[in-house]
Amino acid sequence: MAEKLTDMGLEYVVVAKDAEQVEIARSKGIVAISSPVNLVYDALKKAGVERASSLVSTYDDDGDNMLSVMVAKQLNPKIRLVTIVNERELREGAKAANADVVIAPSDIIGNILATATASNEIVGSFLPGKFGGKNIAEFTITRDGLKIETIEQVAPLLLITRGGESFPGKGKDFILEKGDQIYVLTDHKSIAKLRLLVK
């Protein structure tokens with residue numbers, strides 16, 4: 001996660017229980033501090049949580065994550081709180097602790113592995129929420145004359161790419177050409193239907 005935040009150009013501080021992890025982070029140029037969870041209040045203050053826009057808590061222990069989330073919210077009521085729950089049954093408890101985003105890694109990894117097993121077309125998955133259980137699928141059109149309307153009877157169209165240009169749908173009567181790539185919001189049931197349509 002730290003590498004991704006760096007790639008995004010965001011500033012951050014890592015707080016870890018393990019002093020060895022802190023040393024590894026520091027050797028890579030990451031600002032990091034070591035603190036046991038029972039001293040999380042002081043550690044978060046030292047890390048600057050009162051002026052932070054977000055906190056991400058990824059401890060192995062769900063109780064540690066809940067404590068971090070609650071303390072961060074107390075120190076900074078406007079902070080965005082993201083946490084993992086290793087026991088998916090604790091999702092509602094984390095939300096009750098004021099977490100804005102609660103992720104069960106086992107659910108996400110399970111979904112990615114299952115969809116990768118069942119389909120070559122899946123290129124993205126949604127976190128739990130409004131579109132939980134939905135995926136983004138990519139299809140290449142292999143015949144001319146197919147209308148967007150036909151696709152959207154099966155799944156909502158998100159994007160079309162043609163000759164290096166990307167654009168959203170251009171109306172239900174827009175005609176797709178051989179070689180166009182489409183990206184649709186789909187579930188497992190609609191993938192088989194879309195396969196038949198695009199060929």
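**Exercise 1.** Which side chain meets that of Glu 121 in a salt bridge?

*Solution.* The model is a predicted one. Step one is the partner: the side chain of Glu 121 meets that of Arg 195, with N and O 2.9 Å apart. A salt bridge requires a side-chain nitrogen of Lys or Arg within 4 Å of a carboxyl oxygen of Asp or Glu. Step two is the position of each residue. Glu 121 sits in the loop between helix H6 and strand E6, while Arg 195 belongs to helix H8, so the pair ties together parts that are 74 residues apart in sequence. Step three is accessibility. Buried means under 20% relative accessible area. Glu 121 has 13%, so Glu 121 counts as buried. Arg 195 has 29% and therefore counts as partly exposed.

**Exercise 2.** Describe the network of salt bridges that contains Arg 162.

*Solution.* Begin with the members: Arg 162, Glu 177 and Asp 180 are linked in this network. Next, take the pairs in turn.

- Glu 177 forms a salt bridge with Arg 162, and their closest N and O atoms are 3.6 Å apart. Glu 177 is in the loop between strands E11 and E12, Arg 162 is in strand E9, and the two are 15 residues apart.
- Arg 162 also meets Asp 180 in a salt bridge, at 2.6 Å from N to O. Asp 180 lies in the loop between E11 and E12, 18 residues from Arg 162.

Glu 177 is partly exposed at 39% relative accessibility, and Arg 162 is partly exposed at 23%. Asp 180 has a relative accessible area of 1%, so Asp 180 is buried. In the whole structure, a search finds 7 salt bridges.

**Exercise 3.** Is Asp 64 buried or exposed?

*Solution.* First locate Asp 64: helix H4, which spans residues 62-75, contains this residue. Then apply the cut-off: its relative accessible area is 15%, so Asp 64 is buried. Finally, list its contacts.

**Exercise 4.** What is the volume of the largest pocket?

*Solution.* The volume of the largest pocket is about 1,400 Å³. Now turn to the lining. It is made up of 40 residues, and those closest to the centre of the pocket are Met 1, Val 13, Val 14, Val 15 and Val 56. Elements that give two or more residues to this lining include helices H1, H2 and H3 and strand E1. Sorted by class, the lining has 25 nonpolar, 7 polar and 8 charged residues.

Conventions
Residues numbered from 1 in each chain as written. Predicted model: local features only at pLDDT ≥ 70, side-chain atom pairs only at ≥ 80, totals over all residues. Heavy atoms only, no water. Helix = DSSP H or I, 4+ residues; strand = E, 2+ residues; numbered from the N terminus. Buried < 20%, exposed > 50% of the residue type's maximum accessible area, 1.4 Å probe, protein only. 1 Å grid on protein atoms, 1.4 Å probe; cavity = no way out; pocket = protein on both sides within 12 Å on 5 of 7 lines; lining within 4 Å. Points joined across faces, edges and corners; volume = space filled by probe spheres on them. Nonpolar A, V, L, I, M, F, W, Y, C, P; charged D, E, K, R; others polar.
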